[in-house]
Each structure stands twice: as C-alpha cells, then as structure tokens.
Amino acid sequence: MQESRPWWMSGILYQIYPRSFQDSDGDGVGDLRGVIQRLPYLVELGVNALWLSPIFPSPMEDFGYDISDYTGIDPLFGTFADFDALIAAAHECGLKVILDLVPNHTSDQHPWFIESRSSKTNPKRDWYIWRDPSGEGGPPNNWLSEFGGSSWEFDAQTGQYYYHAFLRSQPDLNWRNPAVRRAMHDAMRFWLRRGVDGFRVDVMWHLIKDEHLRDNPPNPDFVQGQQPYQQLIPLYSTDRPEVHGVVAELRQAIEEFDNRVLIGEIYLPPQKLVAYYGRDLGGAQLPFNFALISTPWNARAVAKLIDDYEAALPPGAWPNWVLGNHDRQRIASRVDGDQARVAAMLLLTLRGTPTLYYGDEIGMPQVDVQPDQVRDPWEKNLPGLGVGRDGCRTPMQWDSTPQAGFSTGALWLPLSPNSALENVATERQDPASILSLYQALIRLRRARPELALGTYKPVSAADDLLMFEREHHDRRALVALNFGQEPVSYETNRLRGRIVLSTFMDRRDEVVDGRLALRGSEGLVVEPLG
C-alpha cells in the first residue's frame with residue numbers, strides 16, 4: 001500500500017548541517033565527502049532522505065544562508081564531482097537528497113546584487129527592493145531585521161535604501177519581478193537535472209512584501225527582554241496573500257520532474273501554516289510544521305496542538321512534524337531526561353512525515369558555547385538574549401575519541417563535554433540507548449502501515465498521559481506517552497493487547513488486559529488484540 005504513495009509520505013527525512021556532520025579533509029569543517037562516508041550510518045538508522053543545509057558558494061557571514069551563486073558548490077564543501085558522487089551514492093543506497101534553497105535573499109556579494117547596487121538605472125536594480133529615504137530622510141518604513149536593528153540599509157552611492165529581513169549583507173530579492181522568479185526557477189531546474197529529489201525552501205513566508213511597504217503595527221504583547229524584532233507584528237513584511245502564487249510557481253517548477261518534493265520553512269501557527277499547501281494542494285507538499293518546538297511540553301498542550309493541526313489541514317493534505325533544526329535549541333535540552341525518548345516516540349508515531357535533526361537520535365544536547373567561541377551572527381548582533389544557534393550546530397559525535405570521529409583538525413565549534421559517552425559508537429553497543437530506540441521506532445514505522453500511513457484518532461489527554469490510535473485498514477496501534485515523571489495508568493475493559501515497544505527498550509510482548517501502566521517518562525506502542 002505504501003508503494004502507491006509518493007515516497008515522502010511514508011518517508012523519514014534527516015537534516016544534515018554539512019559543516020558539522022563529517023569532515024573528510026582535516027580542516028575542522030564538514031564536507032560532501034564526509035557525508036558520503038557516513039551514508040551507511042543513515043541506511044543503518046533507517047531514514048529515507050537526507051536534507052542538506054546550504055552548500056552553495058557563500059561569504060559564510062550567515063554560514064551558507066547568504067548565497068553568492070545558486071548554481072555552484074562552495075570549495076569549503078567540495079566540488080561538483082563530490083556532489084555528483086554524493087547523489088549517485090545516496091541513490092544507490094536508496095536515499096533521496098534534498099537541497100536547501102534560499103530564494104528570499106542573496107549575499108551582497110552575489111553578481112545580481114553587485115549589478116543592482118551599481119546604479120539606479122541598472123537592469124537588475126528592480127531585482128532587489130530599493131526605496132528612497134522617508135520624508136525625514138530616514139528608512140522608508142519601520143520594518144525591523146530579525147537579526148536586530150532596522151531592516152533598511154542606506155547605500156550612499158545611489159542614495160537609496162535596500163531591504164534586508166536578516167543581515168545587512170543579505171539583501172532581499174524582489175519576488176514581484178518576473179525576471180527574479182524565472183532566474184530562481186532556472187536555478188531549481190539546474191539541480192533537479194543533476195538528480196536532486198527536492199528542495200526545502202528557506203523562510204518561504206517572507207518571499208513577498210506589502211506592495212505599499214506600509215508600517216508594521218506595534219506588538220501589544222511585547223515585553224522588554226524579548227528580541228527587538230518582536231516589538232512589531234510583521235503584518236506587512238511577511239505572510240502576504242500574494243506569496244501563495246509564488247509558492248505555486250515553485251511547485252510548478254518541481255512538477256516538471258518526476259517524484260520530487262517541495263518543503264517550506266514557515267514559522268506560523270497551524271491555522272496560517274496550512275494555507276501554504278496551496279489551492280487544490282498546488283503549493284508546498286510539506287509546509288514544515290514546527291509547532292512541537294515551541295508548544296509547552298505537557299500532554300494537554302501537545303494533544304490540543306495535534307487536534308488543532310489535524311482540524312486545520314485542507315482535505316487531502318499530508319501532515320508533517322519536526323522536533324528540532326539548525327535554528328532551535330536541541331530537544332534533549334528542551335525537555336527533562338527521559339522525556340527526549342518520549343519526544344522520539346511522539347515524532348515517529350504521529351500521522352505525517354517526520355524530520356529528524358542530525359544528532360538528536362543520540363541525544364546530543366545544546367552545547368554551551370563560550371563568548372570567545374561564538375560564530376553565529378545573530379548572537380553577535382544580539383548578545384545575551386538567547387538567540388545564538390551555535391549550540392545546536394556542533395559537530396556530530398561519532399565516537400569517544402578527542403575529536404569525536406568528526407575531524408582530525410581543530411573543530412569549527414566545540415564538542416559537547418559528554419561526547420565521550422553520547423556518541424554513535426558507544427550507543428550502537430547499548431540495546432537500551434536512545435539510538436537503539438530511534439532505530440526501533442523507525443523499523444516499526446516502516447514495517448507497520450498503520451504508523452506510516454494510518455489515520456489519527458485521539459484517545460485520551462488527561463493529566464500527564466497522552467494516548468492516540470493509528471489505524472490503516474484492519475491494522476491498529478495504540479500509542480501511550482507519559483509526559484510526567486511519576487507513573488500513570490489507564491484503565492478500560494476495552495483494552496487488550498501486547499506491548500511492541502517501550503521507550504526504555506524493555507517490556508516487549510508484555511500483555512495488557514484492561515489496565516495499561518506506564519513508568520515515569522515512558523512511552524509505549526501497543527498492538528491491540530481481538
């Protein structure tokens with residue numbers, strides 16, 4: 001039954017931050033050859049696709065999210081020969097490869113922007129968002145950069161401001177210009193012809209701005225200590241109605257090739273997020289659902305999130321879930337102790353495509369990066385607010401050697417102090433490790449169509465216990481998750497089954513008859529009987 005669906009519906013995605021996955025040449029930074037070296041691990045883990053954060057040429061002021069050439073490979077990561085070898089090796093292993101596309105903005109070193117800022121009459125002037133100063137001589141409006149300060153930068157040579165939603169070295173493209181759209185579609189086709197299986201589109205909800213550049217309204221809920229960007233509601237600078245036409249055109253470019261996927265990075269509540277599936281599902285197949293990252297970690301809040309998201313989905317839309325990524329604190333540090341195991345079971349038993357972030361499967365924590373080790377420009381611009389992303393981007397911990405098996409050179413970011421214990425080699429030998437749990441969950445999901453493709457039915461969300469059922473044709477699975485530290489139980493005379501998996505990797509085949517008992521921070525998958 002799974003074979004009749006697109007691969008990304010029953011698949012599991014795995015995000016790789018290339019700088020931190022595997023270094024093959026000893027410079028302390030990960031690269032494409034390193035990814036090839038570790039493909040057998042991804043096969044062993046059981047995922048279906050790897051998503052690479054940007055590998056394009058870049059000044060690296062935002063570590064690849066400031067692109068200076070959409071159709072190249074940065075020498076830091078390797079060559080086109082390395083990339084083609086990665087595509088071939090991954091496909092030979094049965095793995096799909098997804099690239100990160102950053103179409104909202106370029107580097108200020110991109111030839112397009114160099115031309116654009118050369119004069120007001122340059123043919124590429126309108127490829128970016130340029131405006132005259134306001135009547136008072138300041139920025140055109142009150143919009144703020146997510147990385148701090150005004151989002152407008154004055155260019156003395158031409159006497160106008162250009163807009164940048166992020167760093168001043170990341171000018172936003174003007175997606176109202178058809179030439180920009182055509183150029184980006186051509187860049188997509190370049191990679192699709194090389195065998196890429198799809199794109200994750202960075203900040204998709206930013207792509208179109210208000211035509212009249214109206215001021216954003218103040219945020220009445222802002223309190224001192226929050227990020228300055230939150231002083232305003234980004235009503236006119238993000239999530240504009242016209243963005244859905246842009247997304248539909250991105251999807252059309254994807255549809256020129258067989259069996260590809262379009263994924264969108266969108267930080268919006270579910271009710272707004274689902275609009276990015278598009279009219280008649282002609283938008284992104286998977287608008288990333290990040291709500292688990294910010295939702296309070298308790299049974300009732302998570303149950304409400306699931307119910308709200310499921311209710312908001314358009315007919316026929318396929319859900320997806322994400323626990324972590326390169327911009328947010330790691331799950332092992334967001335929740336207490338064994339709750340990271342509960343989170344793993346939740347992610348891999350919910351209806352929809354799950355995305356894993358490299359290292360979460362071995363319980364990698366958020367690393368405390370000292371001030372003199374900070375690399376992230378966001379943290380440098382806004383120190384002390386907790387926005388730094390270095391701590392979730394540290395090198396993958398492969399073994400207990402001093403460099404954790406990642407590199408032979410000086411590392412670009414420090415390792416976790418616990419890397420000698422929390423690593424692939426050590427956990428691979430422990431049948432009760434969190435890595436073993438992830439592997440067991442993935443095997444279970446791939447073997448059971450009710451978990452991969454089945455319907456979602458809420459059962460209970462009382463106190464610390466969340467229970468739901470997955471069903472596909474005549475197969476069912478009951479998932480019970482204890483979000484608390486104390487034991488809980490659920491009793492009903494309609495419950496009879498056997499435990500197929502515990503987050504503690506024991507209790508297999510234990511019979512459940514009328515009463516389901518869970519230890520503190522335990523999750524169970526139960527196969528109903530009769």
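**N216**

I started with N216 and asked: is it buried or exposed? Its relative accessible area is 5%, and buried means under 20%, so N216 counts as buried. I kept in mind that I'm looking at a predicted model.

Next I looked up where N216 sits in the chain. I found N216 in the loop between strand 7 (198-201) and helix 7 (243-255).

Then I wanted to know which residues N216 is in contact with, leaving aside neighbours within four places in sequence. My list has N142 and W143, then L232, I233, P234, L235, Y236 and S237.

Two of those names came up again when I checked the side chain of N216 for polar partners. It reaches the backbone nitrogen of L235 at 3.1 Å. With S237, I noted a polar contact between the two side chains, also 3.1 Å.

**Y358**

I moved on to Y358, which lies in the loop between strand 11 (353-357) and helix 13 (377-381). How much relative accessibility does Y358 have? I got 0%, so I wrote Y358 down as buried.

What does Y358 touch, not counting residues up to four places away in sequence? I jotted down Y14, Q15, Y17, S20 and F21, then R330 and M364, and finally C392, R393, T394 and M396.

**The whole chain**

Time to zoom out. I counted up the secondary structure and got 16 helices and 17 strands. The radius of gyration is 24 Å, and the globule rule gives 24 Å for 530 residues, so I can call the chain as compact as a globular protein of that length. Along its principal axes, the C-alpha trace spans about 75 × 50 × 50 Å.

How much of the chain is buried? I noted 60% of the 530 residues.

Residues 24 or more positions apart account for 69% of them.

For the surface, I wrote down an accessible area of about 20300 Å². Carbon and sulfur atoms own 49% of that.

My last entry was on charges. I have 52 positive and 70 negative ones in the chain, and their mean positions are 5 Å apart.

Key
Residues numbered from 1 in each chain as written. Predicted model: local features only at pLDDT ≥ 70, side-chain atom pairs only at ≥ 80, totals over all residues. Heavy atoms only, no water. Helix = DSSP H or I, 4+ residues; strand = E, 2+ residues; numbered from the N terminus. Rg over C-alpha atoms; globule rule 2.2 N^0.38 Å. Buried < 20%, exposed > 50% of the residue type's maximum accessible area, 1.4 Å probe, protein only. Contact = heavy atoms within 4.5 Å. Areas by Shrake-Rupley, 256 points an atom, 1.4 Å probe, with all protein chains shown as cover. Lys, Arg positive; Asp, Glu negative; His and termini not counted. Charge placed at Lys NZ, Arg CZ, Asp CG, Glu CD. Polar contact = N/O pair within 3.5 Å; in protein donor to acceptor, adjacent residues only side chain to side chain.
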